[in-house]
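Here's a quick walk through one protein model, strand by strand. Have a look at the sequence and the fold, then read on.

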Amino acid sequence: MRESVIEKKVSDYAKLLGWWTSKFTGTVGCPDRLFIRDSKVIFVEFKAPGKLPRPLQAKIIERMKIKGATVYVVDDIEQGKGIFNAY
């Protein structure tokens, strides 16, 4: 399954649950999307099944987490839906 399919399905699901979302563009290495609802902010990097973030992405994700950001790497639709169900 393509990364874009996973991103669309998970993003659409999050919107149904009331999350606002925006896609990051033009920022190399940053997670694909930002989600906000009820003062909660989540960043998500979407990947094709079994794929890992590129080295620059992994470095930026780690830096974001050190600063207190909530960042997920999602390579499965159900995994992604589960994140939003947990909130």
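Patches here are built from residues with over 30% relative accessible area and no salt bridge, joining like charges within 9 Å and nonpolar side chains (Val, Leu, Ile, Met, Phe, Trp, Tyr) within 5 Å. A salt bridge is a side-chain nitrogen of Lys or Arg within 4 Å of a carboxyl oxygen of Asp or Glu, and accessible areas come from the Shrake-Rupley method with a 1.4 Å probe, counting only the protein chains shown as cover for residues. By that rule, W20, I36 and V41 make a nonpolar surface patch with about 260 Å² of accessible area together.

Keep in mind that this is a predicted model, where local features need pLDDT of at least 70 and side-chain atom pairs count only at pLDDT 80 or more, while totals for chains, interfaces and linings use all residues. Residues are numbered from 1 along each chain as its sequence is written, and side-chain values use heavy atoms, leaving out hydrogens and water.

Now for strand β1 (residues 20-23), which holds W20 and T21. Strands (E, at least two residues) and helices (H or I, at least four) are DSSP runs numbered from the N terminus. Are these two residues buried (under 20% relative accessible area), exposed (over 50%) or partly exposed (in between)?

| Residue | Relative accessibility | Class |
|---|---|---|
| W20 | 48% | partly exposed |
| T21 | 14% | buried |

Leaving aside neighbours within four places in sequence, T21 is in contact (heavy atoms within 4.5 Å) with K15, R33, L34 and F35. The C-alpha atoms of T21 and D38 are separated by 13 Å.

D38 sits in the turn of a hairpin formed by β2 and β3, with a positive phi of about 50°. Strands β2 (residues 33-37) and β3 run antiparallel, joined by five bridges; pairing takes at least two DSSP bridges.

Between β3 and β4 the chain passes through helix α2 (residues 55-66), giving a right-handed β-α-β crossover: with the strands pointing away from the viewer, the path from the first strand over the helix to the second runs clockwise. Five of the seven β3 residues are buried, so β3 is largely enclosed by the rest of the structure.

Definitions and conventions
Buried means under 20% relative accessible area, exposed over 50%, partly exposed in between (1.4 Å probe, protein chains only).
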